[in-house]
Amino acid sequence: MTYSQRSTHPAAASDYTYLEYQLGIAADELAVAVKAQDEPRAEAIRLKITELEDKLALLED
């Protein structure tokens, strides 16, 4: 089942909420990494955020 097909499935709402929650956590982690000037960690978190945003976009279709 694709994400587009799942968007009409009742569980899709929980997937959406979960991804938004994970994005919030990643944003907090990014703020800490930037404050600590830990660029390798900050870059890894930015990549994770991009992946989560891509998954979220698939759910929105």
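This is a predicted model: local features need pLDDT of at least 70, side-chain atom pairs count only at pLDDT 80 or more; totals for chains, interfaces and linings use all residues.
I started on the outward side of helix 3: the face turned away from its buried side carries the exposed residues Pro 40 and Glu 51.

**The buried side.** Next I looked up which residues of helix 3 are buried. They are Ala 42, Ile 45, Ile 49, Leu 52, Leu 56 and Leu 59. These residues cover an arc of only 85° around the axis, so they sit on the same side of helix 3. That spacing reminded me of a general point: an α-helix has 3.6 residues a turn, so residues three or four places apart point the same way.

**The core.** What makes up the largest nonpolar core? I found 11 residues there: Leu 19, Leu 23, Ala 26, Leu 30, Ala 33, Ala 42, Ile 45, Ile 49, Leu 52, Leu 56 and Leu 59. Helix 3 gives the most, with six residues. In general, nonpolar side chains in soluble globular proteins tend to be buried together.

**Salt bridges.** I counted two in the structure. In one, the side chains of Glu 39 and Arg 46 meet at 3.8 Å, N to O. The other pairs Glu 43 with Arg 46, also at 3.8 Å, N to O. Glu 43 and Arg 46 are both in helix 3, three residues apart, or about one turn of the helix. Through shared partners, Glu 39, Glu 43 and Arg 46 join into one network.

Are these three buried or exposed? Each one came out in between: Glu 39 is partly exposed at 44% relative accessibility, Glu 43 is partly exposed at 40%, and Arg 46 is partly exposed at 33%.

Gln 37 lies in the loop between helix 2 (12-35) and helix 3 (39-60). Its phi is near 60°, a positive value in a residue other than glycine. I jotted down the general rule beside it: most residues other than glycine have a negative phi. Gln 37 counts as exposed because its relative accessibility is 68%, and the cut-off for exposed is over 50%.

**The whole protein.** Last, I stepped back. The protein has three helices and zero strands, in the order α-α-α along the sequence. Of its 61 residues, 23% count as buried. The protein exposes about 4,400 Å², with carbon and sulfur atoms supplying 56% of that.

Note on methods. Residues are numbered from 1 along each chain as its sequence is written. Side-chain values use heavy atoms; hydrogens and water are left out. Helices (H or I, at least four residues) and strands (E, at least two) are DSSP runs, numbered from the N terminus. Buried means under 20% relative accessible area, exposed over 50%, partly exposed in between (1.4 Å probe, protein chains only). Accessible areas come from the Shrake-Rupley method with a 1.4 Å probe; for residues, only the protein chains shown count as cover. A nonpolar core is a set of buried Ala, Val, Leu, Ile, Met, Phe, Trp, Tyr and Cys residues joined through side-chain atoms within 4.5 Å. The arc is that of the directions from the helix axis to the C-beta atoms. A salt bridge is a side-chain nitrogen of Lys or Arg within 4 Å of a carboxyl oxygen of Asp or Glu.
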